[in-house]
Amino acid sequence: MRFLPVFMLTYFFLMAMAAPARSLDGPRSVPWVEDLSWSTVVDTAAERGDQPILIDFYAQWCGPCKLLDGFVYNEPEVVDELADVFTFKVDIDKPEYLALKTDFHITLLPTLIWCDHRGREIDRFTGAVSAEEFLTIIRTFRAGGNTFNRLLDLVAAKPEEPGLLLDLARRQAERGDDQQARILYRRLMNLRDRSGGQVVTDGMLGLASLEVSLGNGERAQDIARRAAGAYTEPGLEAAAGLMAIATFQGTLPDTVGMLETFGALIALDDTSVPALDAYARVATASGLDLEQASRYAIRAVVLSDDNPRMMATLAESYFKRGQYRKAVRWMEKAVEQAPERPAFQQQLEAYSEVLKSKPFLYRGRRR
């Protein structure tokens, strides 16, 4: 799966939180059909009077997919709009749909594809949208409009509009045209002086994700690190952009790159608890830069008013450094703050056992 920016996931979460409560009676929902072969879907759509087909490619672990289920597909207008459409859900993690996923070049979730009754793609869109946006898209499809062609026209009219270039690059990648996507992403990078930082970041990460899909992992790492180097001023945009870059680096995985990115964010804002905590957790898990991990973890604990999870990270950093007494002491504090978390108690017991197994240390000698 290609990278989906973290700030988009945050937007989807906020959209879900802001949505109105639903009736306890249970609203109607789109009657998605699952677990059919693609040939059966096409045959059935033809038998039903040449129905158009809407495919929803999703996964059980996909957060934006769940938002569509919970806040779009049960809206009465959406249900009515799709009443004469063959609606087919495809779980991409099921091996029987690997060929279908490949044939339709599915790289982002959710992806919804509008097909004619013969199963030929007419148009598509990706990501979570509101019910209103969903209806607009579907009605455009019904009217014979082609959102991809319209986007091509817009880019032709405004060839240096960063937002349009980013949208078109993503659409080209979704359609499997990697060469055109790469060209567009690079055009966007050349416009960094007139683009917002987030647009440039999304473009560079889109290009990096494309390189990953083509087997160019080292090139993807280099692009992501260059994206992080573009942020030189503190602010919300820098925080969101650098966090998105670090998240992408975690998928490569590029542990050193993640630490550099979190370090860059801390250099811009040394009170950023998420950055301090993330650096400490990544460094501790990888066994890299453990002394710095402990320093950042202590600062995160203080700035977070003794958050027990961050205490556990601090304890783990001390444990990895062989400072077992400190590890035990901080885990005791974490357990005291959050006694309902059995994992903390188990971690404390494990540290205590290690300390007891080293009697020279247990009698009081410090390391």
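A residue is called buried when its relative accessible area is under 20%, exposed when it is over 50%, and partly exposed in between (1.4 Å probe, protein chains only). By this rule lysine 94, with a relative accessible area of 23%, is partly exposed.

The structure is a predicted model, in which local features need pLDDT of at least 70 and side-chain atom pairs count only at pLDDT 80 or more, while totals for chains, interfaces and linings use all residues. Residues are numbered from 1 along each chain as its sequence is written, and side-chain values use heavy atoms, with hydrogens and water left out.

The average pLDDT (the predictor's confidence in each residue, from 0 to 100) of the protein chain is 85, and 88% of the residues score at least 70. Residues 1-27 stay under 50 in pLDDT; for them the model has 46 contacts (heavy atoms within 4.5 Å) beyond four places in sequence. Residues 362-367 are also below 50.

The protein chain has 19 helices and four strands, where helices (H or I, at least four residues) and strands (E, at least two) are DSSP runs numbered from the N terminus. Of its 367 residues, 47% are buried.

Helix α8 (residues 162-174) has 13 residues, which at 1.5 Å a residue should span 18 Å; this agrees with the 18 Å between its end C-alpha atoms. The expected span is 1.5 Å times one less than the number of residues. In α8, 10 of the 13 residues are buried, among them Pro162, Leu164 and Arg171. In helix α15 (residues 290-303) lies serine 294, which counts as buried at 2% relative accessibility. Apart from neighbours within four places in sequence, serine 294 contacts Leu314, Ser317, Tyr318 and Arg321.

Side chains of opposite charge can pair when their charged atoms come close. A salt bridge is a side-chain nitrogen of Lys or Arg within 4 Å of a carboxyl oxygen of Asp or Glu, and the count comes to 18. Lysine 94 forms one with aspartate 35, with 2.5 Å between the closest N and O atoms. These residues are 59 residues apart, and the pair links distant parts of the chain. Aspartate 35 is partly exposed at 49% relative accessibility. Arginine 225 forms a salt bridge with aspartate 254 at 2.8 Å between the closest N and O atoms. Arginine 225 lies in helix α11 (residues 217-229) and aspartate 254 in the loop between α12 (236-251) and α13 (255-268), so the pair ties together parts 29 residues apart in sequence.
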